[in-house]
Amino acid sequence: MTEAIKDLLYKIADDQLIIGHRNSEWTGLGPMLEEDIAFSSMAQDKVGQSLAFYNLLHDLGESDPDTVAFMRNANQFHNCQLVELPIGEYDFSLVRHFLFDHAEMIRFEMLSNSAVEEIAQLARKLVGEIRYHVMHADVWIKQLGVGDTRERLQKALEMALPYALGIFEESKYEQDLISNDIFSGEQALRDTWQSSITTVLTETELQLPDLTTLTPLIGGRYGDHSDHLQPLLDEMSEVFKVDPGADW
Amino acid sequence: MYGGGNIFEPSNHNDVLNEDPVKLQEFEARIERGEKIEPSDWMPKLYRKQLIRMIEQHAHSEIIGALPEGTWITRAPGFKRKLALMAKVQDEVGHAQLLYSAAETLGKSREDMISDLINGKSKYSNIFNYPAYTWADSCFISWLVDAGAIVNQVANSKGSYGPYCRALERICIEESFHLKYGHHCVIHLATGTPKQRQMMQEAVDRWWAPMMHFFGPSDKISVHTEILMKWKVKMASNDDCRQQFLDMYVPKIWELGLTVPDTNLKKNEETGMWEFTEPDWEEFKRVINGDGPCNEERLAVRRMAEERGQWVRNALKSADMKYVTPLA
């Protein structure tokens, strides 16, 4: 069962680290100062959350968080491909943030009832942070998902959705996690997520395509990534790898 | 972060000849008594103009300063540094937000200020026209550039314009955390592996000249600022700030086993003043007028960000929207 739990923790930790890293790239470049600040806050929360999950993994015998985060290659990362895509324009970053954070909020709410008490405690603590991220995304989606900017957001939505469905790629331990009440499973998460994003989108002029017609872009959970992840990791570890044994 | 060496417009007493003498006298008496001037109070045109110019330069310095350090957020070695640097640079952007609001109380909109920045009409701290080549450069900035900024800002927070003083008080508290973070990073490099020590020494060597320029030209050669001192717009002389910085930080740099690339640098124990090689003020002028290693790149990045974000800002505007000056 430990392997199943580790697999679950790795995908969450890696998701948070990579989306946090991407969000931080907006620092100094946002469409307005307030958005620079907002994306930076979310980036700090998410990188901090990833650290908390790497610490749980460390308790289960994995290497220390710095080594795990800064020394692995792309094929050892379990994040979904959605989070590793470059930030692109603000429309894409916003839509990704909306799609990802709704899923994260529901995932953390589900994990708040996990049979593994350490996970449940952490999820209960972090879900409060994620709720603010979701509120931020919803405000902007409602603001920009109408009128002259609707088309930009619609295109970004259609581009991001197949990747977003990759969030819910099932683990090989899926049934074990569900039957042991550790996690309710990706399918349950996806169903709730769909209804959650639909509720917000109906308040905009955006159209949610029929998700059953889309092919999810999967593989991330098993170390299969787009060409964007390895350069991100190379950049992230550039200084650390100058001397991994050094105290920075 | 930010330093002295504000670029004031040359001014003299003729600029205030057209002001109402009674109001002017009352204004100057209030400042003399240590009162703060608030946005709706009467103030001379020159006071308004120079304050806008100074606060605007400060705000620009915060957002431009976020660029050289911002590039190291994605490279920061380890969780502790990554989280701290993100928060630090975010603070700087927050300072820009506060300062643009303070300047807006004087009647110039943030949009106009940013547009003047991008068009090269308004300046920012010269030090950000130099590149941060390595992680150690970003550590130097966090420690010593922010330390220099604190010297200047603590002085300015005792100035006469209420909104600017209040913004500076808050900024200084945050900057003091940045300084601690930067010092912590530099200590780790300077007492680390040979490679780390070499990185740190090279950063000190690269940044020393810009750091000496940071406080602006010697008061002997800079424009006359007597009236600005009287009005408590400019609170400390460039030379005083530089001396204070050297006195506080050179011993700390030496303590870490680092050297400063100026063989003439020493404290004259008799006068209590630091002696040093006169900085190259021709280079300072050349860089501040646009010909530094990074001027074009910094403005190009800012311009790109403004252009790419234009559609978002436009979407927030509505036909019946009115411009609102922020509350002081």
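Predicted model: local features only at pLDDT ≥ 70, side-chain atom pairs only at ≥ 80, totals over all residues.

Modeller: A compact globule of 248 residues would have a radius of gyration near 18 Å, and chain A, at 17 Å, agrees with that. Along the principal axes, the C-alpha atoms of chain A fill a box of roughly 50 × 45 × 30 Å. Buried residues account for 49% of the 248 residues in the chain. The contacts speak to the fold as well: of those in chain A with a separation of 6 or more, 77% are between residues 24 or more positions apart.

What is chain A built from? Its secondary structure comes to 10 helices and 0 strands, so to read along the sequence is to follow the pattern α-α-α-α-α-α-α-α-α-α.

Helix α1 of chain A covers residues 2-24, 23 residues in total. From its first C-alpha to its last, α1(A) reaches 32 Å, close to the 33 Å expected at 1.5 Å a residue.

Helix α2 of chain A takes in residues 33-59 and has 27 residues. The reach of α2(A) from first C-alpha to last is 39 Å, close to the 39 Å expected at 1.5 Å a residue. After α2(A) comes Gly61(A), which has a positive phi, near 105°.

A positive phi also turns up at Asp181(A), a residue other than glycine, with a value near 60°. Asp181(A) sits in the loop between α8 (174-179) and α9 (186-201) of chain A. Is Asp181(A) buried or exposed? With 11 other C-beta atoms within 10 Å, Asp181(A) is exposed, since the cut-off for that class is 12 or fewer.

Now for the partner. Chain B has 328 residues, and a compact globule of that length would have a radius of gyration near 20 Å; the value for chain B is 20 Å, which agrees. The C-alpha atoms of chain B fill a box of roughly 65 × 60 × 35 Å along the principal axes. In chain B, 44% of the 328 residues count as buried. Among the contacts in chain B between residues at least 6 apart in sequence, 79% join residues at least 24 apart.

There are 11 helices in chain B, along with 2 strands. From the N terminus on, the order is α-α-α-α-α-α-α-α-α-β-β-α-α. One of the strands, β1 (residues 266-268), holds Lys267(B). Lys267(B) is partly exposed, with 16 other C-beta atoms within 10 Å. Between the C-alpha atoms of Lys267(B) and Val154(B) there are 23 Å, and the two are 113 residues apart along the chain.

Another lysine to look at is Lys232(B), in the loop between α8 and α9 (238-255) of chain B. The phi of Lys232(B) is positive, near 55°, in a residue other than glycine. Lys232(B) counts as partly exposed, with 19 C-beta neighbours inside 10 Å.

How do the two chains meet? The contact takes 40 residues from chain A and 35 residues from chain B. On the side of chain B that touches chain A, at least two residues each come from α2 (45-70), α3 (79-104), α7 (194-213) and α11 (295-316) of chain B. Of these, α3(B) gives the most, with 12 residues. By class, this side of chain B has 18 nonpolar, 11 polar and 6 charged residues.

Finally, a word on confidence. The model scores ipTM 0.96 and pTM 0.95. For chain B the mean pLDDT is 92, with 94% of its residues at 70 or more. Among the elements of chain B, helix α8 (residues 226-230) has the lowest mean pLDDT, 88, while strand β2 (residues 273-275) has the highest, 98.

Notes
Residues numbered from 1 in each chain as written. Chains lettered and ligands numbered in written order. Contact = placed C-beta atoms within 7 Å. Helix = DSSP H or I, 4+ residues; strand = E, 2+ residues; numbered from the N terminus. Nonpolar A, V, L, I, M, F, W, Y, C, P; charged D, E, K, R; others polar. Rg over C-alpha atoms; globule rule 2.2 N^0.38 Å. Buried ≥ 20, exposed ≤ 12 C-beta atoms within 10 Å, placed from the backbone. Expected span 1.5 Å × (residues − 1). pLDDT = per-residue confidence, 0-100.
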